[in-house]
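Here are a few exercises to work through with the model open beside you. Try each task before you read its solution.

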Amino acid sequence: MSIEVNTVTKGWVENETVTELLRRMNFIYPMVIVKIDGEIIPKAQYDVRKIKDGSVISVLHLESGG
Amino acid sequence: MANTNKDRIVAKLAKASVGIAGLGGLGSNVAIALARAGIGRLLIVDFDTVEKSNLNRQAYSVDQVGMRKTEALMQNIARANPEVNVTAYCQKLETGNMAEAFSSADVIIEALDAAATKAAFIEEVSLAYPSKPLIAASGVAGIRGVERVALKKSGNLYLIQDDMAPSSDDSAVFAPKVGLFAHWQASLALEILLEGTDVD
């Protein structure tokens with residue numbers, strides 16, 4: 001019962017949403033890109049999309065400047 | 001006489017198309033680097049005009065202040081390499097219209113400014129074109145931290161990132177650091193476009 005977040009193994013929490021996972025991981029950056037098993041998750045789904053056991057997740061944060 | 005590696009590279013790049021979203025410190029420098037490298041086609045998008053304050057890092061000159069960035073960059077690309085076919089869109093990229101201009105690009109470069117716009121662009125373009133490589137950049141502000149800059153890859157999304165950099169809201173952006181990111185983006189685009197070609 002585990003997930004992988006940015007290559008680190010973490011415990012899986014039943015019914016946890018993307019928003020809840022980001023909070024649990026202390027990802028406080030306001031702008032992030034979340035990919036689950038290679039699929040980009042639209043921001044509009046963060047509050048409803050539940051993380052499945054075994055998911056491989058990458059969270060990339062973005063800072064202004066270009 | 002057999003084609004040399006260089007001939008093969010030149011021929012392959014001449015057929016390639018790269019889309020660049022945003023023509024500031026990242027995008028203008030990516031465009032010039034790819035033009036010099038011999039890219040066949042560039043699709044460039046920005047709504048802004050050149051300001052004097054841009055000249056500390058962007059690939060424009062004093063006489064171009066006040067011009068649309070798309071027009072100024074087309075001039076500069078043509079001066080560097082007149083062979084490049086440039087399609088310019090003077091357009092603000094906003095949620096819902098971000099992907100369309102890049103439908104014919106082989107590789108897309110995210111070169112936008114605000115973090116929220118970067119995130120929206122990456123989301124929209126990745127969903128619209130899941131098989132197109134997208135090269136983004138984050139953390140270009142400040143003068144410190146070039147040793148921290150690293151490439152993160154997740155599927156077709158490549159992010160060149162200084163993950164400790166300040167926001168450009170709090171810290172200025174200067175030519176050397178943003179130029180490093182821009183040239184890394186351009187170099188990675190070449191690497192992707194030339195995959196399978198014997199280049200070394």
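Two strands count as paired if DSSP finds at least two bridges between them. Helices (H or I, at least four residues) and strands (E, at least two) are DSSP runs, numbered from the N terminus. The model is predicted: local features need pLDDT of at least 70, side-chain atom pairs count only at pLDDT 80 or more, and totals for chains, interfaces and linings use all residues. Residues are numbered from 1 along each chain as its sequence is written, chains are lettered from A in the order in which they are written, and side-chain values use heavy atoms, without hydrogens and water.

**Exercise 1. Find the bridge partner of B:Ala21 in strand 4 of chain B.**

Step 1: Strand 1 (residues 17-21) and strand 4 (residues 107-110) of chain B pair in the parallel sense over four bridges.
Step 2: Within strand 4 of chain B, the partner of B:Ala21 is B:Glu110.

**Exercise 2. Work out the strand order of the open sheet in chain B, and name its edge strands.**

Step 1: Reading across the seven strands gives 3-2-1-4-5-7-6, with mixed pairing.
Step 2: Strand 3 (85-89) and strand 6 (150-154) of chain B each pair on one side only, which makes them the edges.

**Exercise 3. State which strands of chain B helix 2 of chain B lies across.**

Step 1: Look for contact, meaning heavy atoms within 4.5 Å.
Step 2: Helix 2 (residues 27-37) of chain B lies across strand 1, strand 2 (41-45) and strand 4 of chain B.
Step 3: Its direction is about 165 degrees to strand 1 of chain B, where axes are lines fitted to C-alpha atoms, for helices over the stretch in contact, and angles run from 0 to 180 degrees between N-to-C directions.

**Exercise 4. Classify the one aromatic pair that the structure holds over all chains.**

Step 1: Rings of Phe, Tyr and Trp (its six-membered ring) pair if their centres lie within 6.5 Å; planes under 30 degrees apart are stacked, over 60 edge-to-face and the rest tilted.
Step 2: The rings of B:Phe102 and B:Phe121 have centres 5.7 Å apart and planes at 90 degrees, so this pair is edge-to-face.
Step 3: B:Phe102 sits in the loop between strand 3 and strand 4 of chain B and B:Phe121 in helix 4 (residues 115-128) of chain B, so the pair ties together parts 19 residues apart in sequence.
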